[in-house]
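Have the structure open while you read.

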Amino acid sequence: MNIDCTADFPVTDAECKKVTGRTLTQWFSVIDERDDLKSKRRDCINWIYEDVGMTNVWWPTTIWVEYERFKGIVNKKDGRIEGFNICATKTINAPPADVYAAWTTPALLRKWFGSKSKATVENGGAFSDGDGNSGTFLRVREKKDLRFTWIQPGAEAPTQVDVVFSDKGKNKTGLMLNHQRIQNRNEADGLRRAWGECFDRLKSLLEE
């Protein structure tokens, strides 16, 4: 899976002020003054979202993640910030068994994920592709869900991916992917675009 790690917008004080009315540094001071928000990620993001009147959560989430980095708010187990979590969804006109098979059958996987993709889809099994991405399957439940680590070239740290296959009836499958603990905006936006493109290829493959 080819990933262009370029942020949708520059994460700078100047760009933040242009869009939100405050620089990142000014937002940090505002958050520090709010005892009811400075330790509550979701509440703070929602408050910034409502305060600014944004049409999406790009900047509110970015402000919070940069606040995490600035204040050193890290997970005690691994010493990393919570970072960004992205979600990709797609409804595919194919039964869950077929969609699951596209992830687990090498010949099908190579058609949408990458021509050099390899995967042993079992607990503890590994995967890799021709773009240098790799990982290990942590949980495999046939036609239900997959959980795996994700390592990509140049990334700050490994991340985790969860994929859920939902039977929507009438031979339709809901596919939902959550990619968690992404450490910077460049990687988050690059991965969001890359997964979206992959899901488009997967949908086209299975609906031909």
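Which residue in strand 4 does F127 stand opposite? The answer is G135. Bear in mind that this is a predicted model.

Strand 3 and strand 4 run antiparallel and are joined by three bridges. They belong to an open sheet of seven strands, ordered 1-7-6-5-4-3-2, with antiparallel pairing. Strand 1 (84-92) and strand 2 (118-119) sit at the edges with a single partner strand each, so one side of each has no neighbour in the sheet. Helix 7 (residues 185-206) packs on this sheet, touching strand 1, strand 5 (145-150), strand 6 (159-169) and strand 7 (172-182). The direction of helix 7 makes about 10° with that of strand 1.

Now for the loop. Between strand 3 (126-128) and strand 4 (134-141) you'll find D129. D129 is buried, yet it has no salt bridge. A salt bridge would need a side-chain nitrogen of Lys or Arg within 4 Å of a carboxyl oxygen, and the nearest side chain of opposite charge, R201, is 8.4 Å away from D129.

What the side chain of D129 does reach is backbone nitrogen, at two residues of the chain:

| Side chain | Backbone nitrogen | Distance |
|---|---|---|
| D129 | D131 | 2.9 Å |
| D129 | G132 | 3.2 Å |

Leaving aside residues up to four places away in sequence, D129 touches M1, F113, K116 and S117.

How values were computed:
Residues numbered from 1 in each chain as written. Predicted model: local features only at pLDDT ≥ 70, side-chain atom pairs only at ≥ 80, totals over all residues. Heavy atoms only, no water. Helix = DSSP H or I, 4+ residues; strand = E, 2+ residues; numbered from the N terminus. Buried < 20%, exposed > 50% of the residue type's maximum accessible area, 1.4 Å probe, protein only. Lys, Arg positive; Asp, Glu negative; His and termini not counted. Polar contact = N/O pair within 3.5 Å; in protein donor to acceptor, adjacent residues only side chain to side chain. Contact = heavy atoms within 4.5 Å. Pairing = 2+ DSSP bridges. Axes fitted to C-alpha atoms, helices over the stretch in contact; angles between N-to-C directions.
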